[in-house]
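Hi everyone, thanks for coming. Please have a look at the model on the screen, and I'll walk you through a few places in it.

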Amino acid sequence: MRQRLSVEAYTKGVLSGDTIILSRAITLIESKLKNDKLLAKAVLENILPYTGKAMRVGITGVPGVGKSTFIEAFGKHITSLKKKVAVLTVDPSSKKTGGSILADKTRMEELSRDPLAFIRPSASGLSLGGVARSTRETMLLCEAAGYEVIIIETVGVGQSETLVKGMSDFFLLLMLAGAGDELQGIKKGIMEMADAVAINKADGANKISAELAVTEYQNALHLFPKSDSDFITKVVTCSALEGTGIASLWELITEYQQSTIQNGYFEKNRQAQNLEWMHNYIRQLLEGLFYENTIVKKAIVMSEKSVKEGNELPVPAAELLLDLFMKNLLK
Ligand code: GDP
């Protein structure tokens, strides 16, 4: 294992925007080792006053919709405005398969060479909750390192969108024309979360159907209740490949940022996200305590057997285990 630095060295390196130290600080916060956790906590406490200033943009869409092509074009547009951009991923597949949907390909080649851009895939071997925690903390580190836009990418296939929505200021859903919602595996709930829907691949023969899809999605979105942000969800077209529609999407996001800062929603949303983060973490900690408790570990084997065989009902079995846990909490 590589040597760790001191708290001061991590703090100073991150605050000065040193990408090598930033990467090492991220590795530190992803670590499961007890000493690393203590070190990471101290670093995060030090950098906290320098966080929160970035625009956090969540991006989702099914595999093949063009996320990496889009982020490459979008990221390049942001750096052309002399803004620093960090790209993070929340990749739910990394634990189950050992591989990942988002990081397998050589992605965003050009952007990765851009000195104003920083790309970091999510850690492998963590649970979705673990990935969510490390991504949130990575985001804070990137903000402290001076990144003004944080893009958080995820695949639109499961729970991970909700997590990403819960850590972004603006949530962008990428879709395709003519593929049908069903086919695209996009659930209604995800459309409801979006602040903008971009129909990608609006180029060549696809252009007309993309325009038609805009009307279709706009009609569908009318049926949803208005968001607390008072911002009406926009449906636009873009071509990540040709670079069209990218600049106007960035303008839309800037507009959203300004109007939600003005009406107070921006801050209110961040506060609500922080509270949710705290409560989620409490739940994770409690669950960990319960399942790691040695007495519970033994008793749970018996309970599982008797519930499976129908000798005990699930609810009283759970309550008994919890009682046992409470009585043995400090043992
Ligand atoms: P991801 O799986 O969502 O990250 O999708 P990729 O960015 O890897 O893109 C999947 C395929 O769609 C690739 O072959 C891209 O070249 C292609 N693609 C992405 N964006 C566009 C676009 O705007 N227009 C066209 N025609 N093809 C695109």
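Predicted model: local features only at pLDDT ≥ 70, side-chain atom pairs only at ≥ 80, totals over all residues.

Residues are numbered from 1 along each chain as its sequence is written, and side-chain values use heavy atoms, with hydrogens and water left out.

So, the ligand. Which residues come nearest to the ligand? Of the 16 residues around it, those are Gly64, Lys67, Thr69, Asp203 and Ala240; being around the ligand takes a heavy atom within 4 Å of it. That shell divides into five nonpolar, six polar and five charged residues. Here Ala, Val, Leu, Ile, Met, Phe, Trp, Tyr, Cys and Pro count as nonpolar, Asp, Glu, Lys and Arg as charged, and the others, Gly among them, as polar. Helix α4, residues 67–80, gives the most to the shell, with three residues. Helices are DSSP runs of H or I with at least four residues, numbered from the N terminus.

Now zoom in on the ligand's oxygen atoms. A backbone N or O atom of Lys67 lies 2.8 Å from a ligand oxygen, and a backbone N or O atom of Ala240 also lies 2.8 Å from a ligand oxygen. For Gly66, a polar backbone atom is 3.0 Å from an oxygen of the ligand. On its own the ligand has 580 Å² of accessible area, and the protein covers 73% of that (Shrake-Rupley method, 1.4 Å probe).

Next stop: Ala144, in helix α7, residues 128–144. Is Ala144 buried or exposed? At 6% relative accessibility, Ala144 counts as buried, a word that means under 20% relative accessible area, with a 1.4 Å probe and protein chains only. Not counting residues up to four places away in sequence, Ala144 touches Val14, Leu15, Ile47, Tyr50 and Thr51, where contact means heavy atoms within 4.5 Å. Ile47 is 97 residues away along the chain, yet the two C-alpha atoms are separated by 6.1 Å.

Gly13 sits in helix α1, residues 7–15, and is buried too, at 6%. Beyond its neighbours within four places, Gly13 contacts Asp18 and Ile21.

Last one: Ser31, in the loop between α2 (19–30) and α3 (34–47). Ser31 is buried at 11%. Its side chain makes a polar contact with the side chain of Asp36, at 2.6 Å; within protein, that is a pair of N or O atoms within 3.5 Å, one able to donate a hydrogen and the other to accept it, and residues adjacent in sequence count only if both atoms are side-chain atoms.

Definitions and conventions. Helix = DSSP H or I, 4+ residues; strand = E, 2+ residues; numbered from the N terminus. Buried < 20%, exposed > 50% of the residue type's maximum accessible area, 1.4 Å probe, protein only.
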